[in-house]
Amino acid sequence: MTQSTDRNSELFERARALIPGGVNSPVRAFRAVGGTPRFVQRAEGAYFWDANGTKYIDYIGSWGPMILGHGHPRVLEAVQRAVQEGFSFGAPTEREIELAEEVAKHLPSVEMLRLVSSGTEAAMSAIRLARGATGRNRIVKFEGCYHGHADSLLVKAGSGLATFGHPTSAGVPAEVVQHTLVLEYNNIAQLEEAFATHGGDLACVIIEAIAGNMNFVRASVPFMKRARELCTQHGALLVFDEVMTGFRVGLRGAQGVYAQQIPGFVPDMTVLGKVIGGGMPLAAFGGPRALMEKLAPLGPVYQAGTLSGNPVATACGLATLQEIAQPGFYEALARKTRTLVDGLSAAAKDAGVPFSADCEGGMFGFFLLPQLPQNYSQVMKSDAPAFGKLFHALLDRGVYIAPALYEAGFVSSAHGDEDIRLTVQAARDAFQTLSPG
Ligand code: PMP
């Protein structure tokens, strides 16, 4: 494999003795692709260096948050200043308001929001609020979408689960997920049938509109339009999980992308994470005032958090949001991401490797399939052993992509044209290792 993985291997051994699988989140392990995870020593801009001092062009960016690259000077300065002022107070701060204002300014569907510390917490709380507000129990989620690891959402989810082949997690009682209907992504007929049968009992439909947990799959415009209509008609809330896509695919997130194609389109609730914390533990959920005021202390739906709205995390998130709101930011990011995707596609074509790819803003995905898949089962038809080979061939050439074929990739504003060029060159060489047939 790579030149020298000694120090990574050493650390992996130590980690495995104490930390299950040697990692604190399953996707970090190289279970799907084999080999030793790289232990990160430090990161800067578009790169990180592993424990051997080997440099990689980073297309994970902490799984999405690092849209400005690592250690952006303004973000760093804001965090350093905040640290001096105090780590955590358990009392409100002005910065929480500033961050909330910044988020609400860009998302017309969000009149009020609550800050939490992880996407899991945000999605879980959004579901509770949807149930509390509607007085209904049933929820709809889609196969291949991941909304964190709260019990009721851990039903045939994508991400780490798919690797280990579990339809759901052990430790989740059947009673807890009995209210969760799992439907096929992009299947209008199935969605209509679900509403025809359960419409009056549905609290919400939760969706990754541009799904990043089954690599990169867009909900079709007709599907999204129908989902919006059915939710409105039956009094169910449409919850957009934008933990990954929020401030990543564009300043207005995935909802902004659909609003361009479906006049007047807005979700009822939005779940945010990743970019809004700029790499610190911060997430949020928000929606219309009347709905959000059902939360404690105003309303009957309980939700709380010791570290919610943490002063260091909000400083990091706020500085990040201020940078990405600069004119032209997303245009430049999207152009770069498109160049990468086009370059990879051309390289695959020249090597005779079946390949399809898509991107939006600074998020991309590719498949070793001739056509873009529309749902989870199509995604899983990808050639996993070939992906493993490609992953390692890229890693050996200093390009770090997600170690699983069902994960999206992320480009940051710190990636330069030369990084993209080197990546495409590495892919050209790597595709040669996938001899067709
Ligand atoms: N929703 C989506 C769409 C996600 O991608 C993720 C994490 N990858 C989550 C929720 C959960 O977020 P966290 O890992 O911060 O709990």
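Colleague: Let's start with the crossing of H12 and H15: left- or right-handed?

Modeller: H12 and H15 cross in a right-handed way. Keep in mind that this is a predicted model.

Colleague: Which residues in H12 meet which in H15?

Modeller: From H12 you have Lys 336, Thr 339, Leu 340, Gly 343, Leu 344, Ala 347, Ala 348 and Ala 351. Facing them in H15 are Ile 420, Thr 423, Val 424, Ala 427, Arg 428, Phe 431 and Gln 432. Sorted by class, the contact of H12 with H15 has nine nonpolar, four polar and two charged residues.

Colleague: Nice. Now H2 and H11: how do their axes cross?

Modeller: H2 (residues 73-85) and H11 (residues 311-324) have axes that come within 8 Å and cross at roughly 155°. Angles over 145 degrees count as roughly antiparallel, which means H2 is roughly antiparallel to H11. The crossing of H2 with H11 is right-handed.

Colleague: And which residues make the contact?

Modeller: On the H2 side, Arg 74, Val 75, Ala 78, Val 79, Arg 81, Ala 82, Val 83 and Glu 85. H11 brings Pro 311, Val 312, Ala 315, Cys 316, Leu 318, Ala 319, Thr 320 and Glu 323. That contact of H2 with H11 has 11 nonpolar residues, one polar and four charged.

Colleague: Changing topic to the backbone. Is the peptide bond from Ala 296 to Pro 297 cis or trans?

Modeller: The bond from Ala 296 to Pro 297 is cis, with omega near 10°. Pro 297 sits in the loop between helix H10 (289-292) and H11.

Colleague: What about phi of Asn 215?

Modeller: Phi of Asn 215 is near 75°, a positive value in a residue other than glycine. Most residues other than glycine have a negative phi. You'll find Asn 215 in the loop between strand E8 (210-211) and strand E9 (217-218).

Colleague: Buried or exposed, that Asn 215?

Modeller: Asn 215 counts as buried because 29 C-beta neighbours lie inside 10 Å.

Colleague: And Lys 274, what is its phi?

Modeller: Phi of Lys 274 is near 45°, also a positive value in a residue other than glycine. Lys 274 belongs to the loop between strand E11 (269-272) and strand E12 (283-287). Lys 274 is buried, because 28 other C-beta atoms are within 10 Å.

Colleague: On to the ligand. Which of the residues around the ligand come nearest?

Modeller: Out of 16 residues around the ligand, the nearest are Ser 118, Gly 119, Thr 120, Gly 148 and Val 243.

Colleague: Where does the largest share of the shell come from?

Modeller: Helix H4 (residues 119-134) supplies the largest share of the shell around the ligand, with three residues. By class, the shell has six nonpolar, eight polar and two charged residues.

Colleague: Last one, Phe 195. What does Phe 195 touch?

Modeller: Leaving out residues up to four places away in sequence, Phe 195 touches Leu 230 and His 234. Phe 195 and His 234 are 39 residues apart in sequence, yet their C-alpha atoms are 7.7 Å apart in space. Phe 195 itself is in helix H7 (residues 188-198), and Phe 195 counts as buried because there are 21 C-beta neighbours inside 10 Å.

Definitions and conventions. Residues numbered from 1 in each chain as written. Predicted model: local features only at pLDDT ≥ 70, side-chain atom pairs only at ≥ 80, totals over all residues. Axes fitted to C-alpha atoms, helices over the stretch in contact; angles between N-to-C directions. Helix = DSSP H or I, 4+ residues; strand = E, 2+ residues; numbered from the N terminus. Parallel < 35°, antiparallel > 145°, perpendicular 65-115°, else oblique. Left-handed = near helix turned anticlockwise from the far one by under 90°. Contact = placed C-beta atoms within 7 Å. Nonpolar A, V, L, I, M, F, W, Y, C, P; charged D, E, K, R; others polar. Buried ≥ 20, exposed ≤ 12 C-beta atoms within 10 Å, placed from the backbone. Near = placed C-beta within 6 Å.
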